[in-house]
Amino acid sequence: MQSTDHLAASRYARMRWNTPLSQEHAALLLQRLDVRPGARVLDLGCGWGELLLRAVAAGGVSGPVATRGVGVDTDDAALARGRRLAAGRSLNRHVAFVMGEAAAWQEPADRVLCIGSAHAFGGTDAALDALARVVRPGGRLLFGEAYWERPPTPAVEKTFGAEVTDLPGLVEAAGGRGWRVLHLSTADQREWDDFESTWLAGRQEWLLSYPEDPRAADVRAELDGRLREYVDGYRGVLGLAYLVLGR
């Protein structure tokens, strides 16, 4: 059997969003973010913008004042997926997807999302400083960032970087830069397991369909390595915190 090349498309095919987050948890975060009618919502490092689309819909797009959103990312395929999703929900007139560097964006918004993208700014501290300049006065930021649940092994620390801190350190970093923590929650183990499984799932299914493809051996090695790294390394060690912050 020969592949007609679905390998690239399969990479994120089974993922709702590229972060460990259940639908119920996402609904809670959007409630705490409190998107108001007519608000401007910005997602830096949006990927395909699933959470952005839900935030804009939660704010309301009918009536005299519509909520609008902008998603910024450097992944052209993810942005194209976001545009398709927006069109499928009749949100394409309300949400724009822009190719660009998150750290270079300067236009402010009422509600800003930045989940798993602090590295684009140079790390947690730099991201919290930079994001303060794009959140309008009285606005809110949904900030998703990694932290250590338990001390990592040297190998795991090398993979994720020595700048990752524990949860108290992450909260302190936000407070030390003038942010107030309006909400804090963390990804639970089931959310992490689902995230890691769906990150693998599209290409696992591709492997089962195209075992004789010339790329199959490399893909199999990559996926097996990632699963081993997760279950033997950072499962239960690396956490992901979601902070809704205000100033």
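Mentor: One term before we start: two strands pair if DSSP finds at least two bridges between them. Helices (H or I, at least four residues) and strands (E, at least two) are DSSP runs, numbered from the N terminus. This is a predicted model, where local features need pLDDT of at least 70, side-chain atom pairs count only at pLDDT 80 or more, and totals for chains, interfaces and linings use all residues. Residues are numbered from 1 along each chain as its sequence is written, and side-chain values use heavy atoms, with hydrogens and water left out.

Trainee: Okay! How do E6 and E7 pair, and over how many bridges?
Mentor: Strand E6 (residues 180-186) pairs with E7 in the antiparallel sense, over 6 bridges. In that pairing, threonine 186 stands opposite alanine 241 in E7.

Trainee: And how many bridges join E5 to E7?
Mentor: Strand E5 (residues 135-148) is joined to E7 by 9 bridges, and these two strands run antiparallel. Leucine 141 stands opposite leucine 245 in E7, and glycine 144 stands opposite tyrosine 242.

Trainee: What holds strands together in general?
Mentor: Strands of a sheet pair through backbone hydrogen bonds, either parallel or antiparallel.

Trainee: Is E7 buried or exposed?
Mentor: Buried, which here means under 20% relative accessible area, while exposed is over 50% and partly exposed is in between (1.4 Å probe, protein chains only). In strand E7 (residues 238-246), 9 of the 9 residues are buried, so the strand is largely enclosed by the rest of the structure. Both faces are covered: buried residues include Leu238 and Tyr242 on one side, and Gly239 and Leu243 on the other.

Trainee: What's the order of the strands in the sheet?
Mentor: The 7 strands form an open sheet in the order E3-E2-E1-E4-E5-E7-E6, with mixed pairing. Strand E3 (95-99) and E6 stand at the edges with a single partner strand each, so one side of each has no neighbour in the sheet.

Trainee: New topic! Where is serine 62?
Mentor: Serine 62 sits in the loop between helix H3 (50-59) and strand E2 (68-73). Its relative accessible area is 63%, so serine 62 is exposed.

Trainee: And how many residues apart in sequence are serine 62 and arginine 16?
Mentor: They are 46 residues apart in sequence and 25 Å apart in space, C-alpha to C-alpha.
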